[in-house]
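Here's a quick briefing on a model, sorted by topic. Have a look at the sequence and the fold, then read on.

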Amino acid sequence: MDWRPLVVATSVTALGWALTAIPVMAVLLLIIFMLPLALLDMVGVPGLGRHLNGFFVPSTTGLAVITAGIWIFTFLATRWILPRRHS
């Protein structure tokens, strides 16, 4: 079993959350993921956050959905890219 996709996906996700310690990066990452969560909320998925003064503020569940989405996307992208790179 190749562990590289697992390690890469976990590292990228951890780096993304570490970047949220920087205030400017935290705002940018929040804005990037605010729109998809707001769209999911409008479609009818409950508990992802709340609307506050024109902004969508993610809840803990919304942040977990963001984290899972980043991890899954990175994992699948790495599994697709690494075999092609080594051929």
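Trp-71 and Phe-75 sit about one helical turn apart, because they are four residues apart in helix α3. Helices here are DSSP runs of H or I with at least four residues, strands are E runs of at least two, and both are numbered from the N terminus. This is a predicted model, where local features need pLDDT of at least 70, side-chain atom pairs count only at pLDDT 80 or more, and totals for chains, interfaces and linings use all residues. Residues are numbered from 1 along each chain as its sequence is written, and side-chain values use heavy atoms, with hydrogens and water left out.

**Confidence**

- The mean pLDDT (the predictor's confidence in each residue, from 0 to 100) is 86, and 92% of the residues reach 70 or more.

**Around helix α3**

- Searching the whole structure turns up one aromatic pair (ring centres within 6.5 Å, using the six-membered ring for Trp).
- That pair is Trp-71 with Phe-75, stacked at 5.0 Å centre to centre and 10° between the planes; stacked means planes under 30 degrees apart, edge-to-face over 60, and tilted the rest.
- Trp-71 counts as partly exposed because its relative accessibility is 26%, the class between buried (under 20%) and exposed (over 50%), with a 1.4 Å probe and protein chains only.
- Thr-78 also lies in α3, which spans residues 60-85, and is buried at 10% relative accessible area.
- The side chain of Thr-78 reaches the backbone oxygen of Thr-74 at 2.6 Å.

**Pockets**

- A pocket is an open set of points on a 1 Å grid over the protein atoms alone, where a 1.4 Å probe fits, with protein on both sides within 12 Å along at least five of seven lines; lining residues have an atom within 4 Å of a point.
- The largest pocket has a volume of about 260 Å³.
- Of its 14 lining residues, Gly-16, Trp-17, Thr-20, Leu-29 and Phe-33 are the closest to the centre.
- α1 gives the most to that lining, with six residues.
- The second largest pocket holds about 160 Å³, and its lining includes Val-12, Phe-33 and Thr-74.
- For the second largest pocket, α3 is the biggest contributor, with six residues.

Conventions
A polar contact is a pair of N or O atoms within 3.5 Å; within protein, one must be able to donate a hydrogen and the other to accept it, and residues adjacent in sequence count only if both atoms are side-chain atoms. Grid points are joined across faces, edges and corners, and a volume is the space filled by probe spheres set on the points.
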